[in-house]
Amino acid sequence: MAIIVELPRLTDTMEEGVIAQWHIAEGDKVKRGQVIADIETDKATMEFESFDAGYVLKLVASEGDTLGLGAPIAVLGKKDEDVGDLLTALANRAAGGAEAEAQEPAKEDAATSTESAVPVEAEATPAAPAEAPAAQTLDNGRIPASPLARRLAREAGLELSQIEGSGPHGRIIKADVDRAVAEGVKPKSADTPKVATASSEVDEHGRPYATHEDTTVKLSQMRKTIVKRMGQSKREAPHIYLTMPIRMDEAAAARKQLNAALAEQGVKVSFNDFIIKAAAKALRVHPRVNAHYTPDGIIEYGNAHVGMAVALDDGLVVPVVRYADQKTLKAIASETRSLGTRARDRKLAPAEMSGSTFTVTNLGMFGIEEFMAVVNPGEGGILAVGAIKDEVVVEDGQMVIRKMMRVTLCSDHRVFDGADNAKFLVTLKGLLEQPMGLFV
Amino acid sequence: MPNLQIRQAIRDAMAEEMARDENVFLLGEEVGHYNGAYKASEGLLERFGAKRVIDTPIVETGFAGVGIGAAMCGLRPIVEFMTFNFSAVAFDQILNNASKIRHMTNGQFGVPIVFRGPNAAAHMLGSTHSQAFDPFYAHIPGLKVVAVATPYDAKGLLKSAIRDDNPVVFLESELMYSVRGEVPEEEYVIPIGKADIKRPGKDVTVLTWGQGVPTALEAAEMATRHDIDAEVIDLRTLRPLDNECILESVKKTNRCALIYHGWPYGGVGAELIARIQELAFDHLDAPVLRECYEDVPMPYAENLEHLVIPSAERGLAAILKVCYKA
């Protein structure tokens, strides 16, 4: 009896996945627990271990396919078993499922805000589906439209993505194009920054400018997640921002001594490790800042798990340093280095990217002095850390040069107010300006 | 203008052509003394004699072959199959001789012959006597295929078929021999290869032929209650198809449904859809649908037969669907 292998839920928040790579081919024998494919999820590229054993009779999905949960991806069975009928049934199922797939965009918006797998949120019911986008798209990104509607839209200079389809499965039909024209949807030439043609725009010498085509970058799973979560946060959470200057001379000296002591062990503590440790300790002092909003009440987290934003080539991830208040700087340093390296290699497990209660994000290495960040859904605050640089400051009426750093606490005003923020920042400032407190 | 049944229009067409050209003659089972199984040759034996109205034994292969040989020798035979179900026995004659002789002899011999008789399901004749032969014959290069649904068309097209220098398969319907309509007294012919708009409309093109014509017209009437103005086109000739008429209509309405009495797989409907998607792709606002027999052998039981043969209600459902009103 043949077995249909379906796309599994590999993370709590996964709604669809991409077959990144097959590790099996048709005809191969597969053992239970064998890695058969790499699946790109909203969080990471995961190894998919087979739940079943048998011969691979058919790979239904191809590398690069984006599929919904439970979508058939392969068929296992006895060697040379005839699965023609089963494949026909699967094809019919796919055809019949087209209607359901057309609803996909709305479903995606209905995701809960708990990518961080916050326990309370995980049980919360999904939010109401948000308004569907103008045009539906098929799995391959193609917008369903009748040939006539395509031609009419082309002639009217309209993008199909600007038109809402009223036909079956969201298909755009002639009536929809007519309506869009009547409602005055702007032709694409009016709002698309297409580069000028050589004939129309020239420099002062009459020479045409070089033209470059616009490109459309397909949304990766990670980018889709960022779009969803950052948009949700900015829509729902009223943000407030408080910036605190912090004198880092003592911390710099402590770091120098510490790294000298740890040099033989190959551990190097960064300023960011100091800040993670200090933030975690400050969170324990001010539990209101280590909290997040739910309609039923504000959840103050018992533990301080600090997420650290790690930039990747095409997005970012937030691995978590758990119990950061209780870990030594050395332990934090080892952990952040490992997490950072594996994040860039896309080797993090979802568990390593979930459960943060607060986040630290640092753009100091680029020379950014201060900036404002967006609170991760499921948390109440994020600390945006700027560069440390020598500045002239006034102390006791004298101008002195100090290593100054500015941090901005960006927070959800529903959870706590400016004064709570300020008190947390005072504690944080104290811990970093007199860093011996971090060692006890 | 006389109001005639289709059987009378067919008889008149044959009589006029036999009177006009002494090379024309009729042969088939029961065409003479019995006046035709469906009385389509009534009075012809009496008028033209036994040399030109020939009762044959029950051997379709034989008399189809005799007809083809006579045609090669310069005569213009009309071969009546009591039903086209029996033409299956003569299929080799039609496929390999009638349709190929002109080609095989490099034009030295032509086969000006008409094979005519009722086609497709009638009423409770069982699966082997309810065949729709339209696609079998329309499939063959070298044949022309005509299907008629009114007395006017039957007479005008049969006269053209008899005068045609190539073999013509002329499909009638047992259930429609008594359908009445006005037929001019003066002589007329209808050219083969021209479709006819039986009901002009602007919202959806309904393509049909033969027994499907009344079904499609009824469905189109029902569609008016849904504010749909359907244009019903009777193809009349299945080979060669009237591309011009079909495409002009589809380009006007942007939608098309097919309602016909025949099976879906690889049929004339499939050929129509292939042409429309190729030649009018950018004019389509909806997929082209067909409503036809269910893809099963025709049942004998009356209740089941009614489920297989497309009703006007099923035709309406197809029209609504292509109009996105279902």
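The questions and answers below concern a predicted model with chains A and B. Residues are numbered from 1 along each chain as its sequence is written, and chains are lettered from A in the order in which they are written. Local features need pLDDT of at least 70 and side-chain atom pairs count only at pLDDT 80 or more, while totals for chains, interfaces and linings use all residues.

Q: What is the mean pLDDT of chain A?
A: The term pLDDT stands for the predictor's confidence in each residue, from 0 to 100. In chain A, 86% of the residues reach 70 or more, although over residues 97-133 of chain A the value stays under 50. The mean pLDDT of chain A is 83.

Q: How many residues of chain B are in contact with chain A?
A: Two residues are in contact if their C-beta atoms, placed from the backbone, lie within 7 Å. On the side of chain A, 8 residues take part, and on the side of chain B the number in contact is 8.

Q: At what angle do helices H10 and H11 of chain A pack?
A: Helices are DSSP runs of H or I with at least four residues, strands are runs of E with at least two, and both are numbered from the N terminus. Axes are lines fitted to C-alpha atoms, for helices over the stretch in contact, and angles run from 0 to 180 degrees between N-to-C directions. Among the residues that meet are Phe274(A) and Ile276(A) in H10(A) and Leu329(A) and Ile332(A) in H11(A). The axes of H10 (residues 271-285) and H11 (residues 329-344) of chain A are 9 Å apart, and the packing angle is about 120 degrees.

Q: Is Ala15(B) buried, partly exposed or exposed?
A: A residue is buried if 20 or more other C-beta atoms, placed from the backbone, lie within 10 Å of its own, exposed if 12 or fewer, and partly exposed in between. Ala15(B) lies in helix H1 (residues 6-20) of chain B and, not counting residues up to four places away in sequence, touches Leu44(B) and Arg47(B). Because Ala15(B) has 18 other C-beta atoms within 10 Å, this residue is partly exposed.

Q: Within what arc do the buried residues of H12(B) fall?
A: In helix H12 (residues 312-322) of chain B, the buried residues are Gly315(B), Leu316(B), Ala318(B), Ile319(B) and Val322(B). The arc is that of the directions from the helix axis to the C-beta atoms. Seen down the axis of H12(B), these residues line one face of the helix, because they fall within an arc of 160 degrees.
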